[in-house]
Amino acid sequence: MRNEFDRIVIGGGAAGLFAAGWAAKSGLRVLVLEKRERPARKILVTGKGRCNVTNNCTPQEFIAAVRRNPRFLMSAIYAMTPQDAMACFEELGVALKTERGSRVFPVSDRAMDIADALVRFARQGGVQIKQATVSELIQKDGAVVGVKTEAGEEFFAPLTILATGGKSYPGTGSDGSGYALAAAVGHTILPPRPSLVPIICENTDKQFTTLMGLSLRNVTLNLIQKKTGKVIYSELGEMLFTHFGISGPLALTASSYMDVPTDYRITIDCKPGLTAEQLDARMLRDFEGSPNRAFGNALEALLPRSLIPVVAAKSGIPAERRVNQLTREERLKLGALIKAFPLTPQALRPIEEAVITAGGVSVKEIDPRTMRSKLVKGLAFAGEVMDVDAVTGGYNLQIAWSTGYLAGTADL
């Protein structure tokens, strides 16, 4: 009996602990096997250490934010809605707040509070959490009946839940090892690739040396397909220039649309609150106040200081030109540049730097009502190990809560 349980969960992250907690709440004996010494480590790096717990949206809005296989998640999101997840964490003693974009965070702004609550949720139901690396799924008569660890220990249960995460942030234990376990029992693995990851851009005239560290707020990023000219993604928000290109919420979400980065171009509207005509009128007013100022010094009221020389260089207007010498054509060209500052994507940063992983276990082989394998009995899945992912804003953790809940409670 010592090695026999009702549920075995492989992976002590968000989805795994949530699944374990709900299974234990139903009176089941549950074992969580986590390779790291402490569970829920990846939670600590989410939301810049604040943990964007979920998004306070409707199920329909949630589905619209899912990038891959949204229909697969319909049953899960209605079974455990964002509001249900929020209620669960508040019952566990974590006060929550909703910020811009309906993003939900702990009032404390401490991701550790969510990690601790997950562990507490599991332990209060009697879940055993053991540090161990699973090397093999044990099969008998075509069904998964347990697991074997690298240390040679064997544990048995009628249902094993695979919640090992993707390949992003491998230092937290999310190293892609679950793919091999699923493949060994016949599941198809779609090639893992980075999603929600910084974008490497062409460094024209070493512009990122000047712009590195510049954070822009209330700008609009437009992702445009080169071949068709179609705007694939457009959103107002925040972004950050780095030494290699761009990062921050807008860039990360844009990356999830870019299967081949070189097929796209990006423009940044630095003044989305103004039309082209309003921007031109604003510049005229600024210039009339100091008609003899050098052009390069006359944009300080419009743009961040470090962006001005880059914009000036791209405009082709000599920085020392007096503003009262600017032609209407030059001024309109400058305005167009401010409304559509161009960037050329070259590649995405490595999967190790991604917030989440796209790809994974094919959802065609998983029952969306229970998260159980359609191919082999005794096996279920939860979280990022599956081929499901969403844009930024708390949606990916909600995938963990919803799929974890179904995996832990279905058929009870």
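**Whole chain**

I began with contacts (heavy atoms within 4.5 Å), and among those in the chain between residues at least 6 apart in sequence, 72% join residues at least 24 apart. The model is predicted, so I kept in view that local features need pLDDT of at least 70 and side-chain atom pairs count only at pLDDT 80 or more, while totals for chains, interfaces and linings use all residues. Residues are numbered from 1 along each chain as its sequence is written, and side-chain values use heavy atoms, with hydrogens and water left out.

I then noted that 54% of the 412 residues count as buried, meaning under 20% relative accessible area with a 1.4 Å probe, protein chains only. The chain has 12 helices and 22 strands, which are DSSP runs (helices H or I, at least four residues; strands E, at least two) numbered from the N terminus.

I followed an open sheet of seven strands in the order β18-β17-β14-β15-β16-β13-β19, with antiparallel pairing, where two strands pair if DSSP finds at least two bridges between them. Its edge strands are β18 (341-343) and β19 (345-348), each pairing on one side only. Within the sheet, β14 (residues 215-225) and β15 (residues 231-241) share eight bridges in the antiparallel sense, and I found Tyr233 of β15 as the bridge partner of Leu223.

In α10 (residues 308-315), I listed Ile308, Val310, Val311, Ala312 and Ser315 as the buried residues. Their cover includes α7 (207-211), α11 (328-339) and β18. Just after α10, I noted that Gly316 takes a positive phi of about 80°.

Note on methods: Buried means under 20% relative accessible area, exposed over 50%, partly exposed in between (1.4 Å probe, protein chains only).
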